[in-house]
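Subject: Handover of a structure and the findings from it

Dear colleague,

I am passing on to you the structure shown below. Kindly read it alongside the notes that come after it.

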Amino acid sequence: MSRVIHIKGSVIIENIEIARKALSQSLVQGITIEEKRFVFNNYDNNDGYNKKTEIGQVETIYQSLLNEYYQLIAEEKRLLEEKIVEEKLFQMEQELKRLDELNRLEEEKIRIESEKRVIREQKKEMIIKNAKKQGYIVKKEITKNNTIKLVLQRRVY
């Protein structure tokens, strides 16, 4: 005598695609997905004695596939976090290189300014020396904005 058997699984389905994959892997006939659970609603000659174990097998397959899915997601998340950390580290290294370059340029600028100042002083000394040889005296010396203005006066005897 056959009658309709209603058997509902105990596992609540979180991912419908993984549940369908578990059903296709189990090769059990008559089990469907309804209301986020595995369900058997069909005629059965054996009054559903084996269907509970078959639903249990489908649920274990589903649980294993779901665990693999969660592990895969966790691994992808970890890799993404590592990539983000590496990218931030690379950006920080680039910023340090840029700052080092700016510091080097600033030091170079200071060095060049000091060399210019030394050259200006040497040139001023040379001009004053040559002017004294020709009979001039330095009446006034004005230093402004990195320029030197000399007012020379000739001595007449």
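The notes below take up helix packing, aromatic pairs, selected residues and backbone angles in turn.

Please bear in mind throughout that this is a predicted model.

Helix packing

Two packed helices are described by the angle between their axes and the distance between the axes. Here, helix 1 covers residues 16-26 and helix 2 covers residues 51-133. Their axes come within 9 Å and cross at roughly 130°. That angle makes helix 1 oblique to helix 2, since an angle has to be over 145 degrees to count as roughly antiparallel and from 65 to 115 to count as roughly perpendicular. The crossing of helix 1 and helix 2 is right-handed.

On the side of helix 1, the contact is made by I18, A19, K21, A22, L23, Q25 and S26. Helix 2 contributes V58, I61, Y62, L65, L66 and Y69. By type, the residues of this contact divide into ten nonpolar, two polar and one charged.

Aromatic pairs

How many aromatic pairs does the structure hold? There are two aromatic pairs. One of them is formed by F38 and Y62, with 5.8 Å from centre to centre and 75° between the planes, an edge-to-face arrangement. F38 belongs to strand 3 (residues 37-44) and Y62 to helix 2, so the pair ties together parts that are 24 residues apart in sequence. F38 is buried, at a relative accessible area of 0%, and Y62 is likewise buried, at 0%.

Y69 is partly exposed, with 35% relative accessibility, and Y70 is partly exposed, with 38%.

Selected residues

K124 lies in helix 2. Is K124 buried or exposed? Its relative accessible area is 12%, so K124 counts as buried, the limit being under 20%. Leaving aside residues up to four places away in sequence, K124 touches E141, I148 and L150.

K116 is also placed in helix 2, and this residue is partly exposed, with a relative accessible area of 42%. The C-alpha atoms of K116 and N146 are separated by 9.2 Å, while the two residues are 30 residues apart along the chain.

R154 is located in strand 5, which runs over residues 147-154. R154 is partly exposed, at a relative accessible area of 49%. With residues up to four places away in sequence left out, R154 touches Q134, G135 and Y136. Between the C-alpha atoms of R154 and E113 there are 33 Å, with 41 residues separating them along the chain.

Backbone angles

Which loop holds E35? E35 sits in the loop between strand 2 (31-34) and strand 3, and K36 is found in the loop between strand 2 and strand 3. Phi of E35 is near 50°, a positive value in a residue other than glycine. K36 has a positive phi of about 60°, although K36 is not a glycine either. E35 is exposed, with a relative accessible area of 67%, and K36 is exposed at 58%.

Yours sincerely

Terms used
Residues are numbered from 1 along each chain as its sequence is written. This is a predicted model: local features need pLDDT of at least 70, side-chain atom pairs count only at pLDDT 80 or more; totals for chains, interfaces and linings use all residues. Side-chain values use heavy atoms; hydrogens and water are left out. Axes are lines fitted to C-alpha atoms, for helices over the stretch in contact, and angles run from 0 to 180 degrees between N-to-C directions. Helices (H or I, at least four residues) and strands (E, at least two) are DSSP runs, numbered from the N terminus. Angles under 35 degrees count as roughly parallel, over 145 as roughly antiparallel, 65 to 115 as roughly perpendicular and the rest as oblique. A crossing is left-handed if the near helix is turned anticlockwise from the far one by less than a right angle, and right-handed if clockwise. Contact means heavy atoms within 4.5 Å. Ala, Val, Leu, Ile, Met, Phe, Trp, Tyr, Cys and Pro count as nonpolar, Asp, Glu, Lys and Arg as charged, and the others, Gly among them, as polar. Rings of Phe, Tyr and Trp (its six-membered ring) pair if their centres lie within 6.5 Å; planes under 30 degrees apart count as stacked, over 60 as edge-to-face and the rest as tilted. Buried means under 20% relative accessible area, exposed over 50%, partly exposed in between (1.4 Å probe, protein chains only).
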